[in-house]
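User: I've just opened this one and I'm new to it. Could you walk me through a few things?

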Amino acid sequence: MQLMSDSLPERRCDTAESLRTRRCEQMDIINPRLDPVFLKNNDLSSNSDNVVQLKPQNLLFKLRVGVPQTFNVSFKRAEGYPIDLYYLMDLSFSMKDDLDTIKNLGQDILSALKKVTQKVRIGFGSFVDKVALPYVSQVKAKKNNPCPNRLNICQPAFSFQNILRLTEDVDEFKTRVSDQIISGNLDSPEAGFDAIMQAAVCQVSVIGWNNVTRILVYTSDDTFHIAGDGRLAGIFEPHDGMCHLNGTGFYDGTKYDYPSVGQLARVLAANNIQLIFAVTEDSVAALSKLIPQSVVGVLKNDSSNVVLLISEAYSNLSSTILLEHHEAPSDLDVTYRSHCTPEKGDNTHWQRRGECMNVKLNQQVNFTVSLNISTCLKEKQTFSLKLQGISETLKVSVETLCDCDCQDREEQSSHCNEIGTLTCGICSCDEGHLGQRCECERPKDMTSAESMAATCRQDNSSQLCSGLGSCECGMCMCQGTHRGNFCQCDDNICARHNNMLCGGNGQCECGTCKCNANYTGSACDCSTLTDQCRTVGKLCNGQGTCQCNQCQCNKDFFGINCSKIANACPKFL
């Protein structure tokens, strides 16, 4: 579509209805509507050889600015999906009775999880605290045996130890856990966050996580150190989020500070690990909402209820489905509408993530996802949609359609004064020229039409030519009675008196009256002369003041010259 010579370039983009109203032919209106391209869209499946829990898997969108596009996402948890469970235990001295209990619970934990799936692996790790004052005594004898009294034997403290990588062998679990000896430290809080970090980031080669449902069980009877506590031991360097186990699976924690809650949340999410806090009742309040996709259970003093706790916690984790996006372009608005159960109908509210609660086994849930881009992208960008605790991802690639495929290229077009190429009704000017029709010679200090247009703005926040004219070659062409470098002046909006601009006693200049001699006031309606106030001897007969050549009389006097007395007879009787 070509523009009329007096059309403004910004008017080319409008609704289809508005363009038709302006006599644009339907065949000249370019209004592309493109459906998403499904690059991978495998059906949901519980087949152990080809498990698919999230559909689709890969999409490509070509978006237009301000035009939302939607697509549907389905999730169904695969029946019998394998589970990796890593048991992380506090080995400080107060957990001595719990260790004796856990030694015999490996088979019970596996049996409980095998009610959900036949493929279960279990691992074991432990933690105490950083091997530094004021957490652990540095006296040689106490460091080697940190028990509170000499009647007990304790192993030296450590921040974390990987004792058994994930395995299906329950006998090995029992043997390795039975070999463990309790330890001890000086203060109450433990290095639990150090241990969670190492268990999460020391992946395949150390812990042995597979690409399955990953569960980390954290057991402790006390609180935990957080980021910043390391300063007490002179440890100031923030944790780098990396694996630091030595060759025997130990981490002493003396180089880096404790991780922060935010670090743990990001690492657990990135590695698709779901966290179960099995802690005593005193610690529940502090842990209940610290980390997304985690649950808290109250542990009995001797850990005897840990199997039931793990079963219930896993059920709670499995029944909560949260769909979120990661690393989406900043100008892309992503919203979700959740369809959790057919009985309740659709959740009509658009939210920042998809969310379904109390989802049963073998129940499919669906989400509608809306994408709306606000600016043009320079190149294709890809982001992902993930369900918390699930390793499968949906990749979404987005491009923007910001140019029209008009196929009407005309070089040296007369519409462009023969110094530009006409494409889609817009002139692309030759070097040294700018303007809607290449009518402007580009000054050396201006590199684009935008920089030339900037000279038509009074300040950075104002409209071109104050919205009262058009910018041509860096100069404002004003409409009607407007004038000025930025069309900021209007010589027809000054104050009026007797229905005349500036009372007929001055000139209107840029909205302000410039009064003739002997006149003042916003509408030049006030004479500075005094001839109408003058009487013999005095102005206003000495009984008033002369304002705008009119007498303003004192109290009890009136008349043109204040020569009359109000109620004179009663006063002089």
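User: To start with, how many disulfides does a search of the whole structure find?

Analyst: Keep in mind that this is a predicted model. Two cysteine sulfur atoms count as a disulfide when they are within 2.5 Å. Searching the whole structure that way, the number of disulfides is 18.

User: Take cysteine 416 and cysteine 427: how many residues apart in sequence are the parts that this pair ties together?

Analyst: The sulfur atoms of cysteine 416 and cysteine 427 are 2.0 Å apart, and the two form a disulfide. Cysteine 416 sits in the loop between β17 (393–400) and β18 (420–423), while cysteine 427 belongs to strand β19 (residues 426–429), so the parts tied together are separated in sequence by 11 residues.

User: And is cysteine 427 buried or exposed?

Analyst: Buried means under 20% relative accessible area. Cysteine 427 has a relative accessible area of 11%, so the word for cysteine 427 is buried.

User: What about the link of cysteine 502 and cysteine 513: is it left-handed or right-handed?

Analyst: A disulfide joins cysteine 502 to cysteine 513, with 2.1 Å from S to S. Both cysteine 502 and cysteine 513 are buried. The angle about the S-S bond is -95 degrees, and the link of cysteine 502 and cysteine 513 is left-handed.

User: Let's move on to rings. Is the aromatic pair of tyrosine 87 and phenylalanine 124 stacked or edge-to-face?

Analyst: By the rule used here, the count is 9 aromatic pairs. In the pair of tyrosine 87 and phenylalanine 124, the centres are 6.0 Å apart with 10 degrees between the planes. Planes under 30 degrees apart count as stacked, so this pair is stacked.

User: Which strand holds phenylalanine 124 in that pair?

Analyst: This pair links distant parts of the chain, 37 residues apart. Tyrosine 87 is in strand β5 (residues 83–90), and phenylalanine 124 is in strand β6 (residues 120–127).

User: How many degrees lie between the planes of phenylalanine 158 and phenylalanine 250?

Analyst: These two rings are 5.5 Å centre to centre, and the pair is edge-to-face. That label needs planes over 60 degrees apart, and for phenylalanine 158 and phenylalanine 250 the angle is 80 degrees.

User: Which ring has lysine 130 over its face?

Analyst: Here a charge lies over a ring. Lysine 130 is at 4.4 Å from the ring centre, and the ring belongs to tyrosine 258.

User: Last topic, the cavities. What is the volume of the largest cavity?

Analyst: The structure holds 2 cavities of 30 Å³ or more. Residues lining the largest cavity include Gln53, Arg77, Tyr81 and Leu361, and its lining divides into 5 nonpolar, 3 polar and 2 charged residues. The volume of the largest cavity is about 60 Å³.

User: And how many charged residues are in the lining of the second largest cavity?

Analyst: The second largest cavity has about 30 Å³ of space. Among the residues lining it are Phe75, Arg77, Thr320 and Ile390. Its lining splits into 5 nonpolar and 2 polar residues, and the number of charged ones is 1.

Definitions and conventions. Residues numbered from 1 in each chain as written. Predicted model: local features only at pLDDT ≥ 70, side-chain atom pairs only at ≥ 80, totals over all residues. Heavy atoms only, no water. 1 Å grid on protein atoms, 1.4 Å probe; cavity = no way out; pocket = protein on both sides within 12 Å on 5 of 7 lines; lining within 4 Å. Points joined across faces, edges and corners; volume = space filled by probe spheres on them. Nonpolar A, V, L, I, M, F, W, Y, C, P; charged D, E, K, R; others polar. Phe/Tyr/Trp six-rings, centres within 6.5 Å; stacked < 30°, edge-to-face > 60°. Helix = DSSP H or I, 4+ residues; strand = E, 2+ residues; numbered from the N terminus. Lys NZ or Arg CZ within 6 Å of the ring centre and 35° of its normal. Buried < 20%, exposed > 50% of the residue type's maximum accessible area, 1.4 Å probe, protein only.
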